[in-house]
Amino acid sequence: MLRSPREKDGGAFGERVASRVSDEEKKKLRLEIAHVLFVDIVGYSKLLISEQSDLLEHLKEIVRGSEEVRTAEAAGKLIRLATGDGMALVFRNSPEAPAQCALELARADSQHPELQLRMGIHSGPINEVVDVNDRANVTGAGINLAQRVMDCGDAGHILLSQHVADDLEQYEKWRPLLHVLGECEVKHGVRLRVVNLYTDELGNPAVPEKFQRIGGAKMSRVLWREIVIVLLLIGAFITGAMLFFHRSGSPSSAPSTSPVATAPAIPKKSIAVLPFEYLSEEKANAYFADGVQDEILTDLARIADLKVISRTSVIGYRETAGRNLRKIGQELGVAHLLEGSVHRAGARVRVNAQLIDARTDAHLWAQTYDRDLADVFAIQSEIAKAIADQLEAKLSPNEKSAIEEAPTSNVAAFDFYTQARNLMLNISFTAVRFDNLRRAITLLEQAVAIDSHFFLAYVALAEANDQLYSLGGGDHTPARLAAADAALARVTELRPSAGETSLAVARHRYHAYRDFAGARTELAEAARSLPNEPAIMSLAAFIDRRAGQWEEAVRELSQAIEHDPRNIFFMQQLALTYQYMRRYAEMAAVLDRAIAVDPARVETKIARAQVELHRHADTRPLHDTIQEAVARDPSIASVVAENWINLSLCRRDVDELARALTSLGNRGFGESAVTFDPSFGEALGKYLRGDSVGFHEKLQVARSKQEETVRRQPDYSAPLCALAIIDAMLGRKDDALKEGQRAVELTPVSTDAVSGTEQRVLFAVASAWAGAKDQALDQLEAMTKTPCFLSYGQLKLQPYWDPLRGDPRFEQIVASLAPKETSK
């Protein structure tokens with residue numbers, strides 16, 4: 001079982017982070033996501049005091065009788081709050097809980113006609129606090145918006161925020177009960193999208209009075225708008241006709257051009273720092289210019305009054321010749337661009353920088369700095385402050401202090417750090433390669449060996465070790481975890497209150513310890529001093545995915561892309577989120593955008609072709625894309641090998657599978673987070689040929705290697721699930737079911753909606769091959785009703801599901817995932 005830093009025995013980092021959190025949590029609110037049911041007695045204020053008391057007692061009695069309330073209270077997952085004319089029930093277990101409870105209260109309320117209730121439900125952040133009477137209380141947007149939603153209804157209504165409705169819509173039983181009402185304006189002019197929950201017997205199907213008033217006003221506005229539009233059209237027609245007859249008399253007259261649609265407004269205080277040109281003769285040291293650019297960008301990104309585009313999105317504009325600055329500004333969504341050059345010669349450095357208005361190409365500011373090399377960090381700070389001044393950005397004392405602080409006092413250490421950061425940039429669709437991570441770690445270790453106080457180098461070192469530890473097929477070993485712990489211990493020691501420290505701790509808790517709640521708390525702290533950091537937004541999305549908050553993850557990834565609009569990795573993650581939600585049209589749209597950013601990237605095109613495989617069980621687009629890519633550049637075969645193997649299995653093309661395995665080399669391949677040795681792919685090839693003897697011989701080889709992986713990573717569910725599948729195929733039924741069950745227990749869906757569902761699906765594969773068909777089908781049926789990587793195409797085509805084919809229940813499950821036109 002993975003242990004939290006607090007539980008980690010013998011580790012100095014574990015104690016330090018535990019101390020850090022316990023000390024700070026005394027001073028700040030605890031933020032978490034809760035599911036709130038707000039209940040209000042209609043007409044309460046008009047009643048006599050004695051009548052009010054009687055109705056409140058009736059309400060308390062009804063609430064005490066709710067099975068959902070009793071279950072949540074027994075598990076310690078409920079807070080009850082009195083609100084004067086009702087109460088708020090704060091559930092911490094499931095988004096279904098308040099909806100189920102509302103129906104139970106409505107059923108009980110039907111026995112008390114004198115008690116008229118209205119209810120509102122919302123899921124969102126809350127802070128558990130202690131009030132002046134030393135009693136538990138709750139504040140935050142979660143509870144406030146639940147009350148606002150309730151205020152939109154009348155007696156008998158059970159109203160939901162759109163956020164809650166999106167969550168419930170994932171479950172078949174709730175879909176028929178959800179009825180969209182539209183937008184309702186509440187306190188402070190906030191507009192909420194509201195959904196009405198009712199059954200044939202419970203709830204109130206009538207349109208709330210507030211929406212009827214809104215509808216009437218809208219109809220009036222629509223009527224006048226239509227009258228105005230008709231008059232304008234008539235005027236335009238007459239004017240057009242006059243122009244036509246006038247111009248038809250002049251052969252030389254050219255037809256008028258249609259106006260171009262107005263682009264979305266670009267914030268005035270927005271900027272992108274383009275790659276600086278390196279003018280020195282030693283081109284091997286061109287990374288130094290990248291370091292200067294990156295530090296200026298980082299300094300500007302600290303300023304909350306500015307919108308600053310991340311480096312990942314600007315790195316593609318490295319070529320300085322022929323830059324179309326207006327076009328770049330439009331593509332990045334900024335009003336200003338900073339470009340420049342760096343010339344390094346011996347112990348001297350010359351930095352030239354110029355600020356340009358991307359809307360007009362006007363040069364707003366320029367400066368050349370010719371100084372000692374050791375002053376390069378002061379130059380970076382001066383440029384950042386000059387740009388902030390030019391853009392009239394408000395600079396807080398903390399922001400000014402952070403900008404003026406040099407990253408290191410040693411240029412050689414800065415060189416190593418800059419090279420490592422270039423290797424770690426998430427510009428690849430397949431994210432950071434493992435060899436790049438290992439090289440980056442070596443460079444960062446050299447940087448901190450030179451300067452043991454190089455804070456940002458330790459931050460990057462912790463991040464690189466965390467990624468290598470957590471990514472599938474990486475280095476999930478105690479030694480790698482210890483290296484990440486050690487780097488982060490130094491980070492917290494050097495600057496315990498820095499935003500970068502909070503972000504580093506959040507990453508570590510997420511990747512290394514799966515402490516998603518702790519990571520979320522640290523992110524909230526990091527956002528205060530790093531307002532333009534898209535990594536905070538993307539990590540928040542990854543945490544929400546794990547928590548099953550899929551719509552929130554979509555919103556946060558979209559926000560990250562707004563600050564980093566050409567980041568292919570973020571687009572890939574948004575596409576992956578849509579894939580899990582089985583919203584394939586939106587997945588395709590995001591991938592089309594990624595292809596537009598970088599048309600040459602094969603991995604993106606392959607992912608786009610996979611949409612058709614998942615949605616329609618159509619292998620042709622993926623087959624054609626891989627074949628064209630390999631024919632154009634044979635070296636690309638190793639890059640696409642894993643996708644090629646999975647395609648070959650779906651097509652049951654043994655010859656193609658053999659070629660794909662050859663291209664793979666000694667690397668592993670897999671399904672989602674699970675990685676198999678190539679010998680397992682060879683075993684599947686034998687199976688597809690009908691060679692049962694060869695199938696079992698290759699499986700034995702695969703088992704030996706997989707067993708070694710499990711031995712090295714005993715608490716990691718993915719290798720254990722892979723071993724379960726191999727054992728099931730070898731006929732080791734008891735071992736397979738025991739291993740699969742253990743993998744599922746290590747990563748339950750309730751605590752991790754991504755990996756948990758993956759393990760459930762793969763346990764279904766093991767169960768099917770072990771002969772436990774009912775168990776396999778139970779797992780599969782559950783997974784078709786929740787977001788996960790399982791798709792129609794996979795079930796329809798992959799040989800993993802062969803033991804279940806022909807079973808009526810399995811075929812029904814497959815049909816349930818089919819697109820509507822296919823199922824019909």
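Rings of Phe, Tyr and Trp, the last by its six-membered ring, pair if their centres lie within 6.5 Å. In this predicted model, ring pairs of that kind link F288, F377, F414, Y417 and F454 into a cluster, and a search of the whole structure finds 14 aromatic pairs.

**Aromatic pairs**

- Y417 and F454 have ring centres 5.1 Å apart and planes at 50°, so their pair is tilted.
- Because Y417 lies in helix α13 (residues 411-424) and F454 in the loop between α14 (434-450) and α15 (455-470), the pair ties together parts that are 37 residues apart in sequence.
- Y417 is buried, with a relative accessible area of 7%, and F454 is buried as well, with a value of 0%.
- F669 and F680 form a stacked pair, 6.4 Å from centre to centre and with 25° between the planes; F669 belongs to strand β15 (residues 669-671) and F680 to helix α27 (residues 678-689), so parts 11 residues apart in sequence are tied together.
- F669 counts as buried at 0% relative accessibility, and F680 is buried with a relative accessible area of 0%.

**Arginine residues**

- R344 lies over the face of F288, at 4.5 Å from the ring centre.
- R507, placed in helix α17 (residues 499-511), counts as buried at 15% relative accessibility, and, leaving aside residues up to four places away in sequence, R507 touches E463, D466, A512, A535 and L539.

**Second largest pocket**

- The second largest pocket holds about 760 Å³ of space, and of the 23 residues that line it, R175, M581, R582, S816 and L817 are the closest to its centre.
- The elements that give two or more residues to this lining are α23 (602-616) and α34 (808-817).
- By class, the lining of the second largest pocket has 10 charged, 8 nonpolar and 5 polar residues.

Methods:
Residues numbered from 1 in each chain as written. Predicted model: local features only at pLDDT ≥ 70, side-chain atom pairs only at ≥ 80, totals over all residues. Heavy atoms only, no water. 1 Å grid on protein atoms, 1.4 Å probe; cavity = no way out; pocket = protein on both sides within 12 Å on 5 of 7 lines; lining within 4 Å. Points joined across faces, edges and corners; volume = space filled by probe spheres on them. Helix = DSSP H or I, 4+ residues; strand = E, 2+ residues; numbered from the N terminus. Nonpolar A, V, L, I, M, F, W, Y, C, P; charged D, E, K, R; others polar. Buried < 20%, exposed > 50% of the residue type's maximum accessible area, 1.4 Å probe, protein only. Contact = heavy atoms within 4.5 Å. Phe/Tyr/Trp six-rings, centres within 6.5 Å; stacked < 30°, edge-to-face > 60°. Lys NZ or Arg CZ within 6 Å of the ring centre and 35° of its normal.
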